Amino acid sequence: MSVGARILVAEDNEVLQRLVKRSFEREGYIVMQATSAAEMTSELAKATPDLIVLDVGLPDADGRDLLSKLKKDPKTAAIPVIVWSGRDAESDRRIALDLGAEDYVEKGPASELVRKIERLLLRLRMQA
C-alpha cells in the first residue's frame with residue numbers, strides 16, 4: 001500500500017473535503033469522499049479503501065460508533081482507520097485507539113494529515 005492507495009475521507013465539512021482531496025491527489029492517492037455515515041456506507045459498498053480517515057462528528061452518526069462498527073464487521077475490520085477530530089482531548093484519543101483506530105489526528109493543515117497517512121502506509125507495508 002503506497003502512493004495510488006485508495007483513501008476514503010468521511011468528513012462533513014465540504015471545504016475541508018476539498019482541501020484534503022486536493023492534498024491527497026497531489027501526492028498520488030485515489031480519494032473517495034463521504035459527508036455522512038450514510039454516504040460512507042454507500043462508498044464502502046462500491047469499493048474497499050486501503051485506509052479510512054474518519055471525522056468524529058458526522059451529522060448522522062458519532063465517528064466513534066462508526067469506528068466500532070467498522071472494526072466489528074469482518075468486511076471492514078482490517079481497513080486501517082485514522083480518526084480525525086477538531087477536539088484535542090486525550091480521552092477522545094484513548095477511546096479511538098481502544099476502539100481500533102490506527103491513529104488519532106487533530107484537525108489542522110491537510111499536509112500534516114497527509115504526512116501521518118504516508119507514515120502509517122509505510123509502516124503497514126513494512127509489516128505485510
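Two strands are said to pair if DSSP finds at least two bridges between them. Strands (E, at least two residues) and helices (H or I, at least four residues) are DSSP runs, numbered from the N terminus.

This is a predicted model, in which local features need pLDDT of at least 70 and side-chain atom pairs count only at pLDDT 80 or more, while totals for chains, interfaces and linings use all residues. Residues are numbered from 1 along each chain as its sequence is written, and side-chain values use heavy atoms, with hydrogens and water left out.

**The sheet**

β1 and β3 run parallel and are joined by 4 bridges. They belong to an open sheet of 5 strands with parallel pairing, in the order β2-β1-β3-β6-β7. The edges are formed by β2 and β7 (103-106); each has a single partner strand, so one side of each is left without a neighbour in the sheet. On average, neighbouring strands are turned by 20° against each other, direction ignored. Axes here are lines fitted to C-alpha atoms, for helices over the stretch in contact, and angles run from 0 to 180 degrees between N-to-C directions.

| Residue | Opposite residue | Strand of the opposite residue |
|---|---|---|
| L8 | I52 | β3 |
| L54 | V83 | β6 |

Contact is defined as heavy atoms within 4.5 Å. Helix α1 (residues 14-26) packs on the sheet and touches β1, β2, β3 and β6, its direction making about 165° with that of β2. Helix α3 lies across β3 and β6 and runs at about 155° to β3.

A residue is buried under 20% relative accessible area, exposed over 50% and partly exposed in between (1.4 Å probe, protein chains only). In β3, 5 of the 5 residues are buried, so this strand is largely enclosed by the rest of the structure. In a regular strand the side chains alternate between the two faces of the sheet. In β3, L51, V53 and D55 point one way, and I52 and L54 point the other way.

Beyond four places in sequence, I52 touches L8, L44, L70, I79, P80, V81 and I82. I82 lies in strand β6 and is buried, with a relative accessible area of 0%. With neighbours within four places set aside, the contacts of I82 include L51, V53, D103, V105 and L113.

**Nonpolar cores**

A nonpolar core is a set of buried Ala, Val, Leu, Ile, Met, Phe, Trp, Tyr and Cys residues joined through side-chain atoms within 4.5 Å. The largest has 20 residues, and M40, I52, L54 and V83 have the most contacts inside it. At least two residues of this core come from each of β1 (6-10), β2 (30-34), α2 (37-46), β3 (51-55), α3 (63-72) and β6 (81-85). Another core, of 18 residues, lies apart from it and includes V20, V31, V53 and W84.

**Aromatic rings**

Rings of Phe, Tyr and Trp (its six-membered ring) pair if their centres lie within 6.5 Å; planes under 30 degrees apart count as stacked, over 60 as edge-to-face and the rest as tilted. The count comes to 1 aromatic pair. The ring centres of F24 and Y29 are 6.2 Å apart and their planes stand at 70°, so the pair is edge-to-face. F24 is buried at 1% relative accessible area, and Y29 is buried at 5%.

A charge sits over a ring if NZ of Lys or CZ of Arg is within 6 Å of the ring centre and within 35 degrees of the ring normal. The charged end of K107 sits over the ring of W84, 5.5 Å from its centre.
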